[in-house]
Amino acid sequence: MYNRDVVKQLSEFISDRDGIRDKSSLAYQVQNAFQLVKDRSVFYGEWFAIRFCKAASCHFSNTVLSLSALHKYDDTPFIVCLVTPVRNYLLLANTTLLRKISHSSQELRVDNIKGSFNGSDIMRELEGILNIPSQFEELFNIHENYSFEENLERLVEATNHIAPTGKRFDPSPSQSECIMESVDRAILFMKSEEYSILDADLRSRVRAVESEIAIAAFIDNVNLRGRIIEYLITAENDLKTTLKRCLQAKEPLPELYTADELGDYEREFEHYLTETDIKTKILFLSSNPKGYNIDKLLSFLSKERSVYLIYIVAIDQCKNIHTRLCSMYDMQLLSGTRVMKHWAGRNSRGVTQYDGKALEAVVNGRGGKIDFEEAQHFISSLMHGA
């Protein structure tokens, strides 16, 4: 979890010491001020970990840390403090913010974590968001949605040019036409009786586990929280009963298998085949939930009758639950759908991510409309990688 106040205090503390020149002295002062523990070259506490480096300017290629060491701190903000003669710079350096692994990385594999990253491997911006302290919260919200293993696979491909496990979807002319027609299908579905049936089905499922969803909403781990709520809504009765008992009794949760499918809930109607992805939004926390794998989406939309939907489950501070079933082409949602281009590899078009504020807007009743031309432009850009 990101602690806005603590990271702001850290940024101001380090900025006030611009020109200190001595990284050891600055590290000592930060350690005492924030009660950090020293682990070799890393200082860490409850809310962040930090590594101090020294260089002549803000552009540096020094080795920062081994990937295996970063693994230990990757679930909290990992900050690099660069001490230069005039100014101290802060960069967020969690795995999502790394381009590749540079040093001694020839043996790097998904099952063999080797190598270190340099200062030049840290992205100075991610999808237009600058890597500066005022943007750390948004960047970390993006990072929280990706596991270390997901980032590791991306870094292996970027570092050693190893063929990725995914496969880029190459639609035929007829499939491309079907994909473009998905906007029309979505518009018709949103006005149909089938939409009302699916929405009522999902609402009923949520009502059956309302108290457990309210408990799960306070789990810090974003990935685990989302997975538990998805399973509470969609799982078969045996697993659902186990999850309910564990949450109510505060017992250890069972291991949850992630199927890595496009959606969480599939339902087929006479005229429509629907895939629904369940997205959890905690209204009192900032977050940018992970979206969909673009190639998997295109593969699904190339099927006749296919309609892709998002079911937003929002929880407020009073544990009230608000839901909304919307199309992926919803104007409000589309305005907050970001394509994560740095995830695109030779065999992938990449993934998307949602702006949490757009999800809130949809739930608060400002969604529901689809702009045909805007939606067509969007899906075309996904297909052609524009």
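Two strands pair if DSSP finds at least two bridges between them, and helices (H or I, at least four residues) and strands (E, at least two) are DSSP runs numbered from the N terminus. The model shown here is predicted, so to speak of its local features requires pLDDT of at least 70, side-chain atom pairs count only at pLDDT 80 or more, and totals for chains, interfaces and linings use all residues. Residues are numbered from 1 along each chain as its sequence is written, and side-chain values use heavy atoms, with hydrogens and water left out.

**View 1. A five-stranded open sheet with mixed pairing.** Its strands follow the order β1-β2-β3-β5-β6. At the edges sit β1 (37–39) and β6 (88–92), each of which pairs on one side only. From one strand to the next, the twist averages 25 degrees (angles run from 0 to 180 degrees between N-to-C directions, and axes are lines fitted to C-alpha atoms, for helices over the stretch in contact). Take a look at β5 (residues 78–83) and β6: they run antiparallel, joined by five bridges. Cys-81 has Leu-90 in β6 as its bridge partner.

**View 2. A three-stranded open sheet with antiparallel pairing.** Here the order is β12-β16-β15. The edge strands, pairing on one side only, are β12 (290–293) and β15 (337–340). The twist averages 30 degrees from one strand to the next. Two bridges link β12 with β16 (residues 351–354) in the antiparallel sense, and Asn-293 stands opposite Val-351 in β16.

**View 3. Helix α7 against helix α15.** The axes of α7 (residues 182–190) and α15 (residues 372–384) come within 9 Å and cross at roughly 135 degrees. That makes α7 oblique to α15, because angles under 35 degrees count as roughly parallel, over 145 as roughly antiparallel, 65 to 115 as roughly perpendicular and the rest as oblique. Val-183, Asp-184 and Ile-187 of α7 meet Phe-372, Ala-375, Gln-376 and Ile-379 of α15.

**View 4. Helix α6 beside helix α7.** The axes of α6 (residues 173–180) and α7 come within 4 Å, crossing at roughly 35 degrees. On the α6 side you will find Cys-178, Ile-179 and Met-180, which meet Ser-182, Val-183 and Arg-185 in α7.

How values were computed. Contact means heavy atoms within 4.5 Å.
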